[in-house]
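Okay, hi everyone, thanks for coming.

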Amino acid sequence: MVFRKPPDGGWGWVIVVVSFFTQFLCYGSPLAVGVLYLEWLDAFGEGKGKTAWVGSLANGIGLLASPVCSICVSSFGARPVAIFSGFMVAGGLMMSSFAPNIYFLYISYGIVVGLGCGLLYTATVTITCHYFDKRRGLALGLISTGSSLGLFIYAALQKQLIDLYGLDGCLLIVGALSLNILACGSLMRPLESPDSPPAEKTSVDKVPDQYFVYHEKEKTVEENISILEKGYIDEKCANNIPDYKQDSILNKNVLNSINVNEKDSYKKKVVEQTNFCKQLAKRKWQLYLNYWEETMVLFKNKVFSALFVAILLFDIGGFPPSLLMEDVARSANINEDDYHMPLISIIGIMTAVGKLILGILADFKWVNTLYLYVTTLLMTGVALFAIPFAKSYLTLAMLSGILGFLTGNWSIFPYVTTKTVGIEKLTHAYGILMFFAGLGNSLGPPIVGWFYDWTQEYDTAFYFSGFCVLLGGFLLLLAALPCWNACTNQSSKLPPNTYSYKVASSA
């Protein structure tokens, strides 16, 4: 499909609005799963590491399947994928209300809801990037605040619903709210090229000629019959042969002609279908080869290779606070009377602020988005190291706000990816990067939970988390140093549609 130049407005703002509400509705419950996490600990009596798998799968499985999600969006379009995924998210949440054990939640909440969220995230990001170029940072920042606002509202909403209707009733109501994704998905109109010729032929007219062998057979039979009838009339007039004998001869000749043409047509059909299958298999195999070749080309880019390591380590260390911060406060024996707002809600609202501000900063020409992203990674690592020293609600709330704001770097990550590999390779590259992000999301909370089960405190776990995030930030910073760009420019020229980061250049 050929896309025309992004309009940076018009229907694109409708896309921004519906993508915002799509992420709000699908990610509200999975991101605020920390409220449900406490209920599941009490309901099923399993360990913290084992129970944490539910929330980590819900937030990680969709990212793990990002290559598949990207293929689905590329093949079917954002609108069909969004509508189908809306049913998945709503169905998974409603199924989770009937969960008899933690293993059922792994499938219903972790896999079904998580995969639906992954499909919706890829669809919203991809179609927004198609509609915006100059204002892409602002557009991505706006739609990504939907998930953060969902975290802020759903944290309080789910807690209130649990008090009123219990855990099962809460999941049923939240699942019903997710059905509004269907209305949002129906408005995701694709941005197709207006220069593409309209479909003038019907579906029957578009069928290749090799599939009309029976039509050719009937035409050949009719021609033979007409020729035989003409010869029959001439011969009858010349020889004056009785009619019944002439009819017998004519029928015999016609039958012989039909049998010969049927055999020829059948053989021709078998040969053509065999060739068609061979060509189809060859074409599909070539597509797979091209996919892996393009993947290898992407990893030859040092910045892209460092991005996948950084996003993996960032999600291993940076995601657990949004899931476990409430349990961190409970483990620190903080009095519930001191609670003015759930810590997860603070993370959610500050993530929305961070996504919006960082998205706006990415649109300034004097801001290098790669170095901006690296800065957020390094600051996140420092904040994670400070969590073990927080022993009061105020300090935990401040750290939650800082971590939430820095987690807003998700809004500029697609922007960095687009500038690194180009808009043509965005879907492919973003799918690969999101796979590693999902791996980090899936492993982070269980690792922190296992550290607690092992040491009976969270200090060691968050030291490990901070180290992972800092390591990823430093590796990405090293890959983006100007000396690497100078060496690359001397050895070979960059392929088209790639982006070279320099200290003096602007993103």
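So, let's start with the secondary structure: the protein comes to 19 helices and 0 strands. Keep in mind as we go that this is a predicted model. There are 507 residues in the protein, and 50% of them count as buried.

Next up, the nonpolar core. The largest one has 127 residues, and the members that touch the most other members are L36, Y109, M434 and L476. Which helix gives the most to this core? That's helix 6, residues 102-131, with 14 residues. Now, where does the core sit? Domain 1 (1-191) and domain 2 (274-483) both contribute residues to it, so this core lies between them.

If you skip its neighbours within four places in sequence, L476 is in contact with V303, A306, L307, A310, L370, Y373, V374 and L377.

While we're talking about helix 6, have a look at T128, which is placed in that helix. Is T128 buried or exposed? Its relative accessible area is 0%, so T128 is buried. Again leaving out neighbours within four places in sequence, T128 is in contact with I15, S19, A139, L140 and I143.

Okay, on to the holes. Searching the whole structure turns up 3 cavities of 30 Å³ or more. The largest cavity has a volume of about 410 Å³. It's lined by 23 residues, and the closest to its centre are L31, F319, K355, T407 and W410. Sorted by class, that lining has 11 nonpolar, 10 polar and 2 charged residues.

Who supplies the lining? Several helices give at least two residues each, among them helix 1 (11-31), helix 3 (48-64) and helix 15 (393-407). Helix 7 gives the most, with 4 residues. As for where the largest cavity is, domain 1 (1-191) and domain 2 (274-483) both give residues to its lining, so the cavity lies between them.

Now a couple of lysines from those helices. K48 lies in helix 3. With a relative accessible area of 13%, K48 is under the 20% cut-off, so K48 counts as buried. What does K48 touch? Not counting residues up to four places away in sequence, K48 touches Y37, L41, D327, G449, Y452, D453 and Y458.

The other one is K159, in helix 7. K159 has 44% relative accessibility, so K159 counts as partly exposed. And here's a pair to find on the screen: K159 and E39 are 120 residues apart in sequence, but C-alpha to C-alpha they are 9.8 Å apart in space.

One last stop, and it's about backbone angles. Most residues other than glycine have a negative phi. Q456 is not a glycine, yet its phi is positive, at about 60°. Where is Q456? You'll find Q456 in the loop between helix 17 (426-455) and helix 18 (459-479). Q456 has 53% relative accessibility, so Q456 counts as exposed.

That's my tour, so over to you for questions.

Technical notes:
Residues are numbered from 1 along each chain as its sequence is written. This is a predicted model: local features need pLDDT of at least 70, side-chain atom pairs count only at pLDDT 80 or more; totals for chains, interfaces and linings use all residues. Side-chain values use heavy atoms; hydrogens and water are left out. On a 1 Å grid over the protein atoms alone, a cavity is a set of points where a 1.4 Å probe fits but cannot get out, and a pocket is an open set with protein on both sides within 12 Å along at least five of seven lines; lining residues have an atom within 4 Å of a point. Grid points are joined across faces, edges and corners, and a volume is the space filled by probe spheres set on the points. Ala, Val, Leu, Ile, Met, Phe, Trp, Tyr, Cys and Pro count as nonpolar, Asp, Glu, Lys and Arg as charged, and the others, Gly among them, as polar. Domain bounds come from an automatic or database domain assignment. A nonpolar core is a set of buried Ala, Val, Leu, Ile, Met, Phe, Trp, Tyr and Cys residues joined through side-chain atoms within 4.5 Å. Buried means under 20% relative accessible area, exposed over 50%, partly exposed in between (1.4 Å probe, protein chains only). Contact means heavy atoms within 4.5 Å.
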